[in-house]
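Let's take a friendly walk through a protein model. Please look at the sequence and the 3D view first, then read on.

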Amino acid sequence: QGAKRAIFFGVLAACIRSPVVALQQQRDQVLANPIRKVVTMLQKMQKKVEQEGAEEKKLFDKFMCYCNSGGKDLEASISGASGKVSALPSQIEVAENRLVQLKDDIKQHQTDRRAAKEAMARATALREKEAAEYAAYKTETDATNQAIAKAVAALEKGMAGGFLQTATAHFLHDVVMKKEDIKEEDRQELLSFLAAGTGSSYAPQSGEITGILKQMGDEFASHLAEATEVEEQAIEVYEELMKAKKKEVDTLTESIEKKVQEVGELGVSVVAMKDDLTDTEAALMADNDFLANLDTSCKKKRAEWDERSKTRADELTALGETIKLLNDDDALDLFKRTLPSASASFAQVQVNIMSLRVRALNMICKIASASGIHNRPGLDFLMLVLSGRKAMSRGGFEKVIKMCDDMVAELKKEQFADESKKEFCSVQFDQMDNKRKGLERSVENAAREISRAKDAIETLTEEIAALEAGIVKLDKSVVAATEQRRAENQEFKDELAANSAAKELLVKARKRLNQFYNPTVALLAAAGAHQTAASSLALIEIAEHTHHKEAPPPPPATWDAYTKKSGQSGGVVAMLDLLIKDLDKDITESKLDEQNSQSDYETMMKESAAKRTEDSKSLSAKLEDKADAEKALSDYTEVKKATTSELMATLKYIQSLHLECDWLLQYFATRKAARSDEIDALLKAKAVLSGADMSFLQTRT
């Protein structure tokens, strides 16, 4: 119980003594020697100067470190950029040369591919023509061999009369007429056999006709075998050619596709390298300028540091010498005898402190009301502190001064942030505006190329349709001309067969008349080569005229001697000769017309084939051009789509920049001026409040 009581009275005494001690300390402080206060202030100033020097030394060391390391980094960056700037032009040149070479290769490959396709088309057309000719020749030869076989079989069976009445005999007659590699006497014998009357049975002498027909059959079979062998060889050569050309076309197509892809990639790479070169050159120039400015700034900062160090050393020397001078014992005794007491100046100190507080508060209120500053809690709190009673104490002023320093630092930080933001906004606006213009140009160029591609595709489509229609029309005209030529040829054959048959009939009629009315002429005409038989006949007639027998008694009278109608027969024979000449003339004219028609037809076929080949080449080229135009349309459409998307994103980003930066850029000068005025007011208030520490020197007697 006693211990508790002792503790209670001890605490109570301490609580009572504390205000007393505090009051006594304050009184001792007021009544102390005023020179001691001056010395204390000088010592604080000396300490503050030393502290500022140490802090500035740290800042200077950091700046020098930045100068050394930043310079090395910049030099390394400049060295790398210089090497890149030196290397990129040669790389761009190599890439552009490669691009030109690739385009030339693609053009050459396309030309070679077109040539290969044209060669394939020509080979196919020639092969089809040769195959058609072989098929026609084989059909005709087979028909001829069958006709010869039927004729030989009929002759060997003694049924020639029945055979001569069939269409096969007429067909064989046409074959004999057209066959060129047959002896003329064999042709005449065969024609005489085939033109014999239908009512008589024909028996060939010594199998001569049969032998001729068999020989013709063997020749046709041999020629057909040779033609078949040539056809098989042509088919083999055609297949090998088509295989080689198809492989060539596939190889060229694959090479074209690869090189087209490489051209696209290389074009993008060239553009990227050119952009990289431009950016690197700009960065190199900026780094060089920054390095030059860095050297200048570092030299300037070293000179400033040397000047500040010298000034600070002089200030510390002056403060130290002043403190030493005032702190001497003799000086203190002298000041006690000469200076007025502290009690006389205490009221004046209180008055000066109040006036300083009011002046500082008026300055801050004035700048706050003049600039219309709102939402500044620190400034409001500062005015509240200066309005309170604590502002009368020393600790209150130190806190207020610290608040002023903090607010000045905060205002400078805000100003730096505004300046950085302004610089960022200006740079971004410039960059985005340049990018927007470039993208708009790219979109316009892509739209222009798309329009060109569409126009080219439309024009090529019309030209291709016209070429295809022309080729179809040409093919139809060729087919029509072929049908007409076939009909004309058949008409010629029919007319020739009819004229030949009429001529043979007229010749037989003339021969028969000559045999009766003019046997000598008939014999000379029919057996011009049988002179021996004629001589024998003459000898027999002479013998008959030389050997006479005795004349028998005269016969009974009947009628006069028979008189042949020689005069009338002569006119008939002359008419027959005239008709035969007319037929010969018609046959000659029809053959000439047939030759001219065939020549015109062949010329037309050659011209049509040449035109079709030329149109096919043009069609193939235009199809490739259309494919290229369609590819260009697709590529530029994708480019336009991608560029338009990028442009929209850029415009959206520019809009966001306006929302973010317009207010700052519009009020930047106003904010900067207001902030500068606020900083100036705070610094002045700080200067006024800092002068309170020395206001006790302004005493009144």
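Asp61 is partly exposed, its relative accessible area being 35%. Here, buried means under 20% relative accessible area, exposed means over 50%, and partly exposed lies in between (1.4 Å probe, protein chains only). Lys57 is also partly exposed, at 36%. The side chains of Asp61 and Lys57 form a salt bridge with an N to O distance of 2.9 Å. The term salt bridge stands for a side-chain nitrogen of Lys or Arg within 4 Å of a carboxyl oxygen of Asp or Glu. Why can these two meet? Asp61 and Lys57 sit 4 residues apart in helix H2 (residues 34-156), so about one helical turn separates them.

A word on how to read all this: the model is predicted, so local features need pLDDT of at least 70 and side-chain atom pairs count only at pLDDT 80 or more, while totals for chains, interfaces and linings use all residues. Residues are numbered from 1 along each chain as its sequence is written, and side-chain values use heavy atoms, with hydrogens and water left out.

How many salt bridges does the structure hold? There are 35. Three of them are set out below.

| Salt bridge | N to O distance |
|---|---|
| Asp61 and Lys57 | 2.9 Å |
| Glu231 and Arg127 | 2.7 Å |
| Glu646 and Lys435 | 3.6 Å |

Take Glu231 and Arg127, whose side chains meet in a salt bridge. This pair links distant parts of the chain, with Glu231 in helix H6 (residues 208-326) and Arg127 in helix H2, 104 residues apart. Are they buried or exposed? Both Glu231 and Arg127 are buried.

Next come Glu646 and Lys435, which also meet in a salt bridge. Glu646 belongs to helix H13 (residues 566-690) and Lys435 to helix H10 (residues 394-517), so this pair ties together parts 211 residues apart in sequence. Glu646 is partly exposed at 36% relative accessible area, and Lys435 is partly exposed at 35%. Elsewhere, Glu414, Asp418, Arg671 and Arg675 are linked in a network of salt bridges.

Now for the whole protein. It has 13 helices and 0 strands; both are DSSP runs numbered from the N terminus, helices (H or I) of at least four residues and strands (E) of at least two. Of the 701 residues, 27% are buried. Among contacts (heavy atoms within 4.5 Å) with a separation of 6 or more, 87% join residues 24 or more positions apart.

What about the inside? A nonpolar core is a set of buried Ala, Val, Leu, Ile, Met, Phe, Trp, Tyr and Cys residues joined through side-chain atoms within 4.5 Å. The largest one has 24 residues, and Met273 and Leu294 have the most contacts inside it. H2 and H6 are the elements that give two or more residues to this core, and H2 supplies its largest share, 13 residues. Another core, apart from it, has 19 residues, including Leu172 and Phe193.

Finally, consider confidence. The average pLDDT (the predictor's confidence in each residue, from 0 to 100) is 75, and 72% of the residues score at least 70. Among the elements, H10 has the highest mean pLDDT (86), and helix H12 (residues 531-546) the lowest (38). Over residues 529-551 the pLDDT stays under 50, and the model has 1 contact beyond four places in sequence for them. Where pLDDT is low, the predicted coordinates should not be read in detail.
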